[in-house]
Every structure is written in C-alpha cells, then in structure tokens.
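Good morning, colleagues. Please look at the model on the screen while I go through its architecture and its interface.

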Amino acid sequence: MKRVAAYRAPYPGTQPNHLHPPYVSSIKRAPTRPPVPIPYTLSELTGPSFEPEIVAPKASDLTRQHSAEPLGERIIVSGRVLDENNRPLANTLVEIWQANAAGRYLHAVDQHDAPLDPNFTGCGQAVTDAEGSYRFVTIRPGEYPWRNHYNAWRPAHIHFSLFGPAFATRLVTQMYFPGDPLIPFDPIFNCTADEKARNRLISSFDWETTMPGLALGYRFNVILRGRDATPMEE
Amino acid sequence: MSLQATTSQTVGPFFKIGFEWLYRDSLAAEGVSGTRVTIQGRVLDGDGIPVSDAMLEIWQANAHGKYAHPEDTQDKPLEPGFKGYGRVPTSADGRFRFATIKPGRVAGPDGNPQAPHLLVAVFMRGMLRRLVTRIYFPDEPGNAADLILNLVEPARRSTLIAKNTAGDPGTLEWNVVLQGADETVFFDLGL
C-alpha cells in the first residue's frame with residue numbers, strides 16, 4: 001500500500017471510553033461493539049476549512065454582543081492551539097459556548113432556576129493566528145446543578161470545539177478553572193482515566209494576560225493530534 | 001518535544017448555543033455539478049428512543065471525487081460553491097436531514113478507488129468522544145470492492161449503506177443506531 005503518515009493513536013488512558021457509567025447519559029448511548037479499526041485514507045486526512053472572514057471580529061468578545069455588558073466577572077481566556085509535535089496550528093476555527101455568570105445557559109432545555117442575562121448569549125468564535133494563538137473576552141461562567149445523581153453540580157467550564165487540519169483532528173472538549181472545588185466530583189471531568197491528561201483540562205490563572213483594572217487572565221492551550229514523523233507501511 | 005492530544009469531552013445538552021451559527025444542511029450551492037441527494041434519518045439510543053440532542057458533521061468529496069483540501073493532490077477539478085462540509089442537529093424526534101450531491105470516487109491507500117461515501121462524525125450529550133462512521137450509497141457497484149467496507153463483518157455492512165425511499169428517488173434513508181442488533185458500525189481512527 002501507499003505510504004501515508006497517519007495521525008498518532010492517543011496514549012493509553014488519555015482519552016475517555018464511550019461508556020463511563022458514572023456519567024449516566026453514556027449508558028444508553030455508548031456503542032456496545034468495539035469500533036472497527038481502519039487505515040487512514042484521503043477522506044480522514046482531509047477535512048473542512050473555513051475562511052477567516054466567516055468569523056466576525058466581535059465574535060471573540062462575548063461581553064460586547066449586546067447593548068450593555070453582561071453581569072459577572074470579566075475574564076480573558078487565551079492560549080495556543082498546537083499539534084502533538086508542538087507545531088502551532090494557524091488559521092483554525094475555535095468555537096466556544098458557556099453558561100452565564102449565574103450558571104444558566106441561553107437554551108430552551110436549561111430549566112435551572114437561575115436568571116438569564118439579556119446581555120449574554122454565551123457563544124463565541126475565533127480563528128487562530130500564525131502562532132496558533134486565540135483570545136476570547138468573556139465572563140466567568142457559573143456552576144450549576146444537573147440531574148446525573150443526587151446533589152450533582154457541574155464545575156464552572158467553557159465548551160471548546162476545534163477543527164485542526166483534518167477530519168481526524170476534530171476535537172470537542174471543556175475547559176475548567178483552577179481551584180474549583182467541584183472538579184474532583186464531576187463525572188464528566190473524571191471520564192478520562194489518566195490523571196495528568198484530565199488535569200490539563202484545567203486552565204491556569206495568568207498574570208501576563210490579566211488586564212489591570214479590567215479582567216483576570218486564564219490560559220488554556222489545546223493540543224490536537226499530530227502525525228507520525230515517518231510514513232507507515234499500511 | 002512531543003505533547004499529548006487534549007482529552008475529549010462531551011458536547012453536553014446545550015451545544016446549540018455554540019454550533020448553531022454554522023449549521024449547514026445544504027452542502028452544494030446552485031450550479032454545483034453532481035447528482036442531488038437528500039439524506040435523512042434518525043439517531044436512536046439503546047432503548048430505541050430518538051436522540052433529540054445530537055449533532056452530525058459531514059465531510060465529503062465533490063462529484064469528481066476531489067476534496068477541497070490541500071492534502072488532496074489528485075488531478076481532479078474543484079467545484080466552486082462546494083466545500084464538502086455539513087453540520088446538522090437532530091430535531092425533537094431525533095431526526096436529521098441534509099441535502100448534498102453524491103460524491104465521486106476518491107483514491108484509496110491501496111491504489112484502488114473507494115466507493116462513493118460521506119464521512120460522518122456524531123456528537124451528543126452522553127457521548128464523551130465523537131463517533132465516526134460513513135454513509136455509502138445503495139445500488140453502487142463500487143461497494144463490493146471498497147477497502148473500508150471489506151474491513152467490516154458482512155452482516156453489519158448494511159448499517160453503513162443508505163437505503164432508497166419508496167417513491168422518492170432523490171432521498172436516502174440512513175440511521176444512527178447506538179446500541180443493539182442493528183447497531184451502526186463505528187470506526188476507530190484513534191480518536
């Protein structure tokens with residue numbers, strides 16, 4: 001077969017299994033048959049790309065999408081998107097969504113008894129620059145209860161969605177905040193066996209990006225899969 | 001220096017907030033060449049209950065079998081107005097639907113052309129990592145020799161092949177069944 005540089009398989013334990021019974025919603029949804037391994041073809045090695053113009057300049061500032069500012073603690077969330085070979089991934093789309101400061105999502109299904117904020121949608125987009133960097137201005141999301149188990153609460157988090165260069169590199173994840181006491185009890189955070197891998201989902205407080213008198217800075221780097229250095233004989 | 005890929009997490013139940021701006025249920029603009037086809041179906045959980053909070057992403061080649069991507073160096077034309085990307089949510093009754101064109105055959109790693117297919121990634125609440133699968137086309141002579149289809153045990157291949165709908169030649173039916181006897185075949189790409 002033709003030599004193709006495949007995307008590297010994840011290190012054992014660093015990615016969740018589909019079934020994680022403490023996260024109850026996974027029980028009826030996780031496939032029961034093992035996934036069928038396949039070689040990489042052009043289909044998986046290619047993937048969607050987007051013109052940077054589809055993202056409006058204001059889309060990365062979630063505090064400026066309405067007539068007034070949202071309530072809550074203003075924060076800067078920034079970081080770099082790299083591949084496993086430590087190469088910056090430029091010009092890749094980053095999408096985020098989150099609850100408001102009271103822990104309520106602007107979504108019909110969210111019935112949490114906390115106020116909506118007319119000045120906060122909770123949705124943002126950015127395209128990484130030549131160094132793979134992105135930057136969002138937002139407010140710190142609130143924690144909120146959910147029905148997974150008795151007295152279940154989600155730690156504060158921001159959802160991240162990234163594409164990278166190929167269908168194979170697509171990733172959706174969640175970013176957490178340092179020092180959040182709910183993190184060790186969260187079945188979604190805990191779905192990944194490898195402790196170091198899941199702790200990398202926790203952003204770090206950062207003086208460098210903190211804006212004096214305006215907003216605290218949090219850093220969150222995202223690593224997408226990298227390719228093997230040498231092509232593999234299939 | 002080698003890093004480790006960031007851990008995947010579920011999209012949760014509220015992904016519409018983040019994903020809706022890029023919903024695309026019509027992949028091919030007017031004038032794009034190829035046979036028009038609408039693909040519709042449902043996402044069903046282990047109890048056969050429709051999944052109302054799932055999202056499908058589609059990636060496909062154009063009618064010539066060419067991907068709009070620099071890694072595709074096949075000597076085939078690109079189609080203006082066709083990027084090959086779709087994103088559709090399921091409705092309250094677990095249904096999804098998108099319109100596109102039937103892709104051409106893309107070279108496979110064994111040197112033989114693959115049968116026409118779409119790649120599909122499935123995201124939903126309760127799914128900690130996306131699911132990856134393919135949609136193939138019915139009555140397609142290339143299916144029999146397709147490298148990927150032949151890696152699937154014969155009894156399960158039909159879960160990857162869309163079905164004709166009676167009386168509506170432009171519409172195909174294809175379901176995502178998460179568990180059970182008719183469980184859809186999902187592929188292991190490592191992640």
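Chain B contains one helix and 10 strands, where helices (H or I, at least four residues) and strands (E, at least two) are DSSP runs numbered from the N terminus. This is a predicted model, in which local features need pLDDT of at least 70, side-chain atom pairs count only at pLDDT 80 or more, and totals for chains, interfaces and linings use all residues. Residues are numbered from 1 along each chain as its sequence is written, chains are lettered from A and ligands numbered from 1 in the order in which they are written, and side-chain values use heavy atoms, without hydrogens and water.

Along the sequence, the pattern of chain B is α-β-β-β-β-β-β-β-β-β-β.

As to dimensions, the C-alpha atoms of chain B fill a box of roughly 55 × 40 × 35 Å along the principal axes. Of the 191 residues in chain B, 59% are buried, that is, under 20% relative accessible area with a 1.4 Å probe, protein chains only.

I turn to the interface. What area is buried between chain A and chain B? The value is about 7,100 Å², with carbon and sulfur atoms giving 59%; buried area is the accessible area (1.4 Å probe) that two parts lose on being put together, summed over both. On the chain A side, H18(A), R29(A) and F167(A) lose the most area to chain B, together 12% of what that side buries. The contact (heavy atoms within 4.5 Å) takes 85 residues from chain A and 75 residues from chain B.

Notes
Buried means under 20% relative accessible area, exposed over 50%, partly exposed in between (1.4 Å probe, protein chains only).
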